[in-house]
Structure formats: structure tokens, C-alpha cells
Amino acid sequence: MERVISGIRPTGNLHLGNYFGAVKSFVKMQDEYDCMFFIADWHSLTTHPKPENIRRSAKTILAEYLACGIDPEKAPIYIQSDVKQVLELYLYFNMNAYLGELERVTSFKEKVRKQPDNVNAGLLTYPTLMAADILMHKADKVPVGKDQEQNMEMARLFARRFNRIYEVEYFKEPQSFHYTAEAVKVPGLDGSGKMGKSEGNCIYLCDDEATIRKKVMRAVTDAGPTEPNQEKPEPIKNLFTFLELVSGKEAYDYYNEQYNTMQIRYGDLKKQLAADINAFCAPIREKIQTYSADDEYLQRVARLGAERASESAEKTLREVRQIIGFR
Ligand code: TYM
């Protein structure tokens, strides 16, 4: 059975970008594949979070994953720092990773630009840790959003390079997976490219109705189309992407027709969108509250996940050590 792995950095709550980019695919896959989900708490250290935030965030994300419909019996969920083997694999991959290629990674270059006083080595080697996460379990498929394509490319590169250096056919090249024909990029409603925690433009799965409405009604628009069937500028295209994701084809077609015939009222579109996002989030929100209140259950899920992940990780590490020449 093919192996699937996916992960998230616990630096806040799950937002619609996380959901439509990765979690939705994962939930659909758990019946057909050998799935594992993990919370990348070591990755989150690049921004130096406070200890209490690390503890709280991992727990929050765990509850949110469960609320989205991940069944830990089918798909174990583990916390990255509970499975130490990944650190050893990270070290081996770092020995085969070159400064030039790591410096060329777009997300690294962006971080250099945005946080010039904290360009740490963990940030530089982020793709090798991510490759270790994936290759440690010999994953075939990795549900991720469009923003992770380059990290996936690096994971394939490190897999190939390891095989070449040690003259083995050991690691498979993992493929990105999306439930749609193309990788999903959920936009921000502020007219910017992507919904993201560091962009500060997220709608969270735990947001209440009033918050969702406020965020959607504030979405950037323009004065409206100036001729029939014109191409939509970025912020308007973003609203339509949301309609497609959350409201469905019928609503999308209706507002598209309104736009093309220059009758569109953005206020109506936003009201519909806010109502649909709320209808989508409401049952998840309720479950988040239930799971968050059950510490004992969350701990049990994380323990079970760590046991299953450690087994798979230890098997890989035993083989890798032997290939490299240890013991
Ligand atoms: P992270 O924590 O930024 O995001 C988790 C997942 O959500 C997706 N995502 C989006 N998809 C579409 N549109 C958006 N606006 C959007 N925002 C976030 C991401 O693509 C991702 O799939 N490096 C990873 C965490 C990670 C990982 C891994 C993932 C570490 N090791 C191994 C998979 C496998 C990250 O920072 O994701």
C-alpha cells in the first residue's frame, strides 16, 4: 500500500489555506493509503517561539486535525519532536546538501528579506529537515499546497543524491499530491497572493461567525468591471477562487455571470461567501472545542502516533546507517 505523509508547522491555528491546500486531501486519502500526519514543532523553532507556545500550539493543532476528520486509528498523528530518528537523518542529508542550492530556495530568500536579523542555519537547512520527515517514512505521496513545491523538489533531489553517492536504489522520489488537477493556492482576501500565518490575512477554522463576516466584508475589491467579460484583476480573482472552493460551482457560475454582464454587487458576493465559509467552519469549530477539552485523549493520540512513527523511522534508520557504513 502506498505511503502518505503530511505535516504542518504549529505556529498558530489551522486556516483555510492549510485545509484546502493539504488537510482536505489527507482526510480523503486516509481510507485508501497508509497515512501518517505529523506536527512539525522542530521546524517552528526557526522563529524562536516561547516554550509555552510550543506546548500549546502542538496541542491546538492536534485537536484541529482531529476536528477536520483525521481518524488516528487509520492515520496516526504524531509530534515531530517525539520521533528523534528524524534528527539523525537530517544530519546525514545535511552532509549532502550544498550551500548554493539551499540559498537559492525561494522561501529562504524571502525570509532573508523579511527577517534579516534572524537568518539562522535552521532556516537554511529547512528543506533537508523536511526531506528527512518525508523520506524517513519512505512516503510515496505528500499532500501539500502549491507553496511547498520547491521543498518537494528538494526532497526528491536529496533522495536521488543519497542513492547516487552510496550507489543504491534506496529512497523513492516522493510526489506532491492534490485532490484537484493542480496544486491549490488559497489566496488572501487582502488582495495579496497567499493566505498565510506570516501574511496575517488568515481565516481560521476556529473563527466565529462574526469574525468570519468581518474578515470577508473587509476583503479588497475594486470599483467593478468596466466592460463585459473582462479579465478579473487579482483581488477579484481571489474572491472567485474562494467561491469555487467553499460555495461550489453553482454560486461561482452565478457571480461569474453577474461579473461578465457588469451587474455584480460585491457586497452580495461577500455576504454569500461569509455565510458559506461559516457553514463550512461551524461543525469543525464545534469539534475543535470538544477535542481541545479532552487532554487525556489528545495525549493518547500523540502517544499512539509516536509509537507507530518510531517503528517506521527506526527501520529506515537501521538500513540507512548500514548503507552509510556505520555498524
Ligand atoms: P505550513 O505549516 O506552512 O502549511 C501546512 C500545509 O498547508 C499548506 N498551505 C497552503 N496551501 C494552499 N494555499 C495556502 N494559502 C496555504 N498555506 C499553507 C501548505 O502547502 C502545507 O501543505 N514545510 C511545511 C511543513 C512540513 C511538511 C513536512 C509538510 C514540514 N515537514 C513534510 C509535508 C511533509 C510547512 O511549512 O507547511
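Axes here are lines fitted to C-alpha atoms, for helices over the stretch in contact, and angles run from 0 to 180 degrees between N-to-C directions. The model is predicted, and local features need pLDDT of at least 70, side-chain atom pairs count only at pLDDT 80 or more, and totals for chains, interfaces and linings use all residues. Residues are numbered from 1 along each chain as its sequence is written, and side-chain values use heavy atoms, with hydrogens and water left out.

**View 1. Helix H1 meets helix H12.** Helices (H or I, at least four residues) and strands (E, at least two) are DSSP runs, numbered from the N terminus. The axes of H1 (residues 16-29) and H12 (residues 266-292) come within 13 Å and cross at roughly 70 degrees. That makes H1 roughly perpendicular to H12 (65 to 115 degrees). Look for Leu16, Tyr19 and Phe20 in H1, which meet Ile277, Phe280 and Cys281 in H12 (contact means heavy atoms within 4.5 Å). By class, this contact has six nonpolar, no polar and no charged residues; Ala, Val, Leu, Ile, Met, Phe, Trp, Tyr, Cys and Pro count as nonpolar, Asp, Glu, Lys and Arg as charged, and the others, Gly among them, as polar.

**View 2. Helix H11 beside helix H12.** The axes of H11 (residues 249-260) and H12 come within 11 Å and cross at roughly 170 degrees. H11 is therefore roughly antiparallel to H12 (over 145 degrees). On the H11 side you will find Ala251, Tyr255 and Tyr259, and on the H12 side Tyr266, Asp268, Leu269 and Gln272. Five of these contact residues are nonpolar, one is polar and one is charged.

View 3. Around the ligand are 26 residues (a heavy atom within 4 Å), and the closest are Arg9, Tyr126, Gly145, Asp147 and Val186. The shell has twelve nonpolar, eight polar and six charged residues.

View 4. A polar contact is a pair of N or O atoms within 3.5 Å. A polar side-chain atom of Asn18 lies 3.1 Å from a ligand oxygen atom, while one of Gln148 lies 3.0 Å from a ligand nitrogen atom.

How values were computed: Angles under 35 degrees count as roughly parallel, over 145 as roughly antiparallel, 65 to 115 as roughly perpendicular and the rest as oblique. A polar contact is a pair of N or O atoms within 3.5 Å; within protein, one must be able to donate a hydrogen and the other to accept it, and residues adjacent in sequence count only if both atoms are side-chain atoms.
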